[in-house]
Number of protein chains: 2
Amino acid sequence: MKKLLFSKAVIAGVGLMGGSLGLAMKKQGLAREVVGLVRRVKTIREAKARGCIDSGTLSVPRAVRDADLVILAGPVSSTLPLLKAMLPHLHAGCLVTDLGSTKVKLLGHIAGLLPPKPGFDFISSHPMAGSEKAGVLAARQDLYLGSLCMLIKTSGVNMAALAPLKALWRSVGCRKIKVVTPQEHDRWTAAVSHLPHAVAVGLVNLIVDLAARDTGLMEIASTGFLDTTRIAGGLPAMWQDILLNNREEICTVLVRFKKKLSRLEGFLRNREETSLRQELERAYAFRQGMEGKKNGRKKG
Amino acid sequence: MKKLLFSKAVIAGVGLMGGSLGLAMKKQGLAREVVGLVRRVKTIREAKARGCIDSGTLSVPRAVRDADLVILAGPVSSTLPLLKAMLPHLHAGCLVTDLGSTKVKLLGHIAGLLPPKPGFDFISSHPMAGSEKAGVLAARQDLYLGSLCMLIKTSGVNMAALAPLKALWRSVGCRKIKVVTPQEHDRWTAAVSHLPHAVAVGLVNLIVDLAARDTGLMEIASTGFLDTTRIAGGLPAMWQDILLNNREEICTVLVRFKKKLSRLEGFLRNREETSLRQELERAYAFRQGMEGKKNGRKKG
């Protein structure tokens, strides 16, 4: 059953996230027209060929003219300049969102940028879906299927505009929409997304160091190592943005994580079997409880 | 094409590893008879039903009588007592191996246990395959497909006995056999297997701590967190054995890993963009290079 939510939807940045959203929107018939705003002509060709957009342009005014939905789907660092360039051209009543991975700093800057009565609605989104793969060629219609999407509540948000944004995310497959503050968003993602990324990067780079002297070492790496470090294959430019933008929260959990490792190290050095066992049991029980959560999710 | 390598093969401990080996051996017709040596009658029933063994017994003498292959596939801590119980009953010319995850301590103890001319051959194996799942019900015929198997070379090893052991592992699907010293084995597995396990356990337990106060946090965990911490779902009893048996090597890499994390933390605190970027690029490049290694592997 198709349901039309928007007339002209603009996706600014047609990579993995934007491209997958376009694919899902077109499949569900959520907009009369899906337009890609990109930086290279080649991307228009690729995105059209994959069915992510109906048409594409490199021109900001041409893209956002008459749009009632604008999705800023590029890297966090591109969001602010792009929104600034769009400001004079945004249609009254347009709904604007971004998919950025960090929020506190970004939304602070955006609040400073917008006029008191902008005539359009800006509400930030963060669907917790993705992959270490990047680019429009990795776009998948089911990327958002079963995922959770956070919508960010700030003092400037028009709560009435939440409904169509919730409907959009539900329609592309999100199993849950959670309205959170920018602070909650950044604190939570620091723990379950940014810290694991930093850890995976550190683990890979340690192995690179060790393998330089101990050449047999890498040959024996198996699925455990590969899974644990999969996310370290994420795009460096994107992750540099994310880690720097959320550095305070990340450092806070990084310090706590190092303490957890030191505890484990102590148990090993002192052969504290019972404490070690409790630590392993605790993680095991939690992971068992999480297995259910995985069902219905697609793997990136 | 079936090739008979052994007459009577005994698998002592028919869980994930032993059961999967039995399944693959029977499928390939590598032994006239595959006998399971277990601790519970129930396991015999389950292992036979799954096609992992032809018959089973709880009796050590009955199991190893006339066996020309004995595989010690239980937890590391069971290997030594079991081998000791088998000693008086082992057939001349029998090939004995174990699948233990740590080797230096175990092989030291075994060297002390064996008579100067035991009349049989003991060569330790470690196929780098597995899963966080456990037990005979998780056994899979293709568990070893595409994996690497280490065989452990000690001063006591009869090099002529390596050939049938290599043939066994090749026949059940291993893509590579690597002959290594016990020290190499433990140093390498500490880095690519045991450290990642400790890290995953620490990460899960930190999240448990944080989620106790910040209840929304766990809801947003996505595939990245799930993959990074998958191995923390491994059996606590097994991992307690492994971590304690290889604690010196693990502590060495754990200390180095914490330094890597502190470096990253420093880059974030001081906004050292270039250094952070280099760190991310280095991990990214390495992971890209590893993607090829994953092909042909089955995921646990």
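User: How are copies superposed here, and by what turn can chain B be laid on chain A?
Analyst: Copies are superposed by least squares on the C-alpha atoms of residues with pLDDT of at least 70 in both. This is a predicted model, where local features need pLDDT of at least 70, side-chain atom pairs count only at pLDDT 80 or more, and totals for chains, interfaces and linings use all residues. Residues are numbered from 1 along each chain as its sequence is written, while chains are lettered from A and ligands numbered from 1 in the order in which they are written.

User: Which residue of chain B comes closest to the rotation axis?
Analyst: The distance is taken at the C-alpha, and it is 2.0 Å. The residue is B:Thr228.

User: Which element of chain B gives the most to the side that touches chain A?
Analyst: Two residues are in contact if their C-beta atoms, placed from the backbone, lie within 7 Å. The contact takes 81 residues from chain B and 81 from chain A. Several elements of chain B each supply at least two residues, including helix 10 (247-269) and helix 11 (273-294); helices (H or I, at least four residues) and strands (E, at least two) are DSSP runs, numbered from the N terminus. With 19 residues, the top contributor is helix 7 of chain B.

User: Why do the copies meet through the same surface?
Analyst: Interface residues of chain B are compared with those of chain A. The copies meet through the same surface because the share of chain B interface residues that are also interface residues in chain A is 100%.

User: Is A:Phe286 buried, partly exposed or exposed?
Analyst: A:Phe286 sits in helix 11 of chain A. Leaving aside neighbours within four places in sequence, A:Phe286 is in contact with B:Val204 and B:Val208. A residue is buried if 20 or more other C-beta atoms, placed from the backbone, lie within 10 Å of its own, exposed if 12 or fewer, and partly exposed in between. A:Phe286 has 19 C-beta neighbours inside 10 Å, so the class is partly exposed.

User: How far apart do the C-alpha centres of domain 1 and domain 2 of chain A lie?
Analyst: Domain bounds come from an automatic or database domain assignment. Domain 1 of chain A covers 6-180 and domain 2 covers 185-294. In contact are 14 residues of domain 1 of chain A and 14 residues of domain 2 of chain A. The centres lie apart by 31 Å.
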